Amino acid sequence: MAGSGQIRQLRRRIRSVKSTQKITRAMEMIAASRILKAQRRVVAARPYAEQIREVIAGLAIDNEVRQHPLLQVREVNTVAVVVCTSDRGLAGAYNANVLKIAERTIREEESAGRDVRIFVVGRKGAAYFAYRGRRAERAWSGISDAPEVDSAAGVADAVMERYASGEIDRVWLVYTDFRSSLVQAPVRMELLPVKPSEFEGGSRINPEVIFEPSGADLLTRLIPRYVESKVYHGLLESSASEHASRQRAMKSATENASDVAASLSRVMNQARQDQITTEISEIVGGAEALSAG
Amino acid sequence: MATAATTMHVEVVSAERAVLSCEATELYARGIEGQIGILPGHQPALIALDVGPVKIVLADGQVELIAVHRGLLFVDADRRCIVLADVAEPASGIDVRRARAKATQLEQQLEADPHDEVLLAAMKRNRIRLEVAEAASIL
């Protein structure tokens, strides 16, 4: 039967569930504010990306872009996969989803007989590959929470350098696209080679324009910036998605904690009632025994 | 239209955000091929910028200094001036002491892994920050 020991145990469990709930609620609120911040950064980064593309498209009309080392299409022997994951867990299926796409990409490339090199952003992704006995060629941590341009440039440099030197022949960028706070989809994008079609539809630059240095030279300088801005965009989208995922996961954790606390306190109340009933019947029984005697 | 002829619209856009949007009377920058000055009504131009400060004289006479790294200056026919840069930071917002501290910290981290591209990029940016802050104190 329900003794006071059981009640004490239940009370302790309820207390622990409630304090866990406080933590998950705090994490939920932090994540919610971070989503907004991350979204704002996605929007703030847009003008630059658009302007860069526009200038390149304008220059591409009168200059040949295909010569650029980052646009060289070669026979593909070695492929790089850049995966954007998070540093911290407790974000629902966020990392699992993006790693699934990465894994599929790797498997596809390998079954086509190509070498795959992994570049991973985020501790979770690094741990995933390490556990499966795959060494990531480069692993970065501490940048996925709130990505900065220089970190994106660093990541982009790592693959651009290897692409330009012919070490790798194709680069996939695998990240999570933030569609809305409810929907985030893991996607993959071919980062390199840059396709000339991406620079189509530009308007011809006014012939009066002075170029310093020459248009072709400017183009050479700008294309890497364009690739960087794509990586930066992928990182920003991923970070917004991470926070959205975490917010959802923590929201349902908070709700579950409420449910658990409610059902535990029901059990506890019943136990308390039982105990009281037992005590009353004991007293009544005792009193009757006394009066009968 | 007297004012329209003497000012131009200047926008500074970095990869992170739009940094500045204002009316200005003069703009000076360090181009790859030399120092340049832009006045309202300048011929359209597309100029690659060197690492360094961009000086903008606003319509009200105030001077704005902006640290620019890997930038591009675009002057178009209707008196608009756009500075596109990987990194653009107002010089007034740079904390020299913090930048120095960060430099030493990054150097230590680089010793452990001298080829980490992300650290190298952070290092480069920090160096520019310091350079511009120094240039700003001279100007």
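**Exercise 1. In what order do the elements of chain B run from the N terminus on?**

Start with the conventions. The model is predicted: local features need pLDDT of at least 70, side-chain atom pairs count only at pLDDT 80 or more, and totals for chains, interfaces and linings use all residues. Residues are numbered from 1 along each chain as its sequence is written, while chains are lettered from A and ligands numbered from 1 in the order in which they are written.

Step 1. Assign elements. Helices are DSSP runs of H or I with at least four residues, strands are runs of E with at least two, and both are numbered from the N terminus.

Step 2. Count. Chain B has 3 helices and 7 strands.

Step 3. Read off the order. It is α-β-β-β-β-β-β-β-α-α.

Step 4. Along the principal axes, the C-alpha atoms of chain B fill a box of roughly 60 × 25 × 25 Å.

Step 5. Chain B has 139 residues, and 37% of them count as buried. Buried here requires 20 or more other C-beta atoms within 10 Å of the residue's own, with C-beta atoms placed from the backbone.

**Exercise 2. Work out the strand order of the open sheet of chain A.**

Step 1. Two strands pair if DSSP finds at least two bridges between them.

Step 2. Take β2(A) (residues 115-121). With β3(A) it pairs in the parallel sense over 3 bridges. Val121(A) stands opposite Trp140(A) there.

Step 3. Take β1(A) (residues 78-84). It runs parallel to β4(A), with 5 bridges. Val79(A) has Arg170(A) as its bridge partner.

Step 4. Take β4(A) with β5(A) (residues 184-192). They run antiparallel and share 8 bridges. A hairpin of 5 residues links the two strands.

Step 5. Assemble. The order is β3-β2-β1-β4-β5, with mixed pairing. β3(A) (138-140) and β5(A) are the edges; each has a single partner strand, so one side of each lacks a neighbour in the sheet. The twist averages 20° from one strand to the next, as an angle between N-to-C directions on a scale from 0 to 180 degrees, with axes fitted to C-alpha atoms, for helices over the stretch in contact.

Step 6. Check β4(A) (residues 170-178). It is largely enclosed by the rest of the structure, because 7 of its 9 residues are buried.

**Exercise 3. Describe how α1(A) and α5(A) pack.**

Step 1. Two packed helices are described by the angle between their axes and the distance between the axes.

Step 2. Apply them. The axes of α1(A) (residues 4-62) and α5(A) (residues 215-292) come within 5 Å and cross at roughly 165°.

Step 3. Classify. The helices are therefore roughly antiparallel, a label for angles over 145 degrees.

Step 4. Sort the residues of this contact. They divide into 35 nonpolar, 16 polar and 14 charged. Nonpolar covers Ala, Val, Leu, Ile, Met, Phe, Trp, Tyr, Cys and Pro; charged covers Asp, Glu, Lys and Arg; the others, Gly among them, are polar.

**Exercise 4. Which element of chain A supplies the largest share of the side that touches chain B?**

Step 1. Count the contacts. 30 residues of chain A meet 29 of chain B, contact meaning C-beta atoms, placed from the backbone, within 7 Å.

Step 2. Find the contributors. α1, α4 (149-164), β6 (210-212) and α5 of chain A each supply at least two residues.

Step 3. Pick the largest share. α4(A) gives 8 residues.

Step 4. Look at strand pairing. β6(A) runs parallel to β4(B) (residues 45-48), joined by 3 bridges. Glu212(A) stands opposite Ile47(B).

Note on methods. A residue is buried if 20 or more other C-beta atoms lie within 10 Å of its own, exposed if 12 or fewer, and partly exposed in between; C-beta atoms are placed from the backbone. Angles under 35 degrees count as roughly parallel, over 145 as roughly antiparallel, 65 to 115 as roughly perpendicular and the rest as oblique. Two residues are in contact if their C-beta atoms, placed from the backbone, lie within 7 Å.
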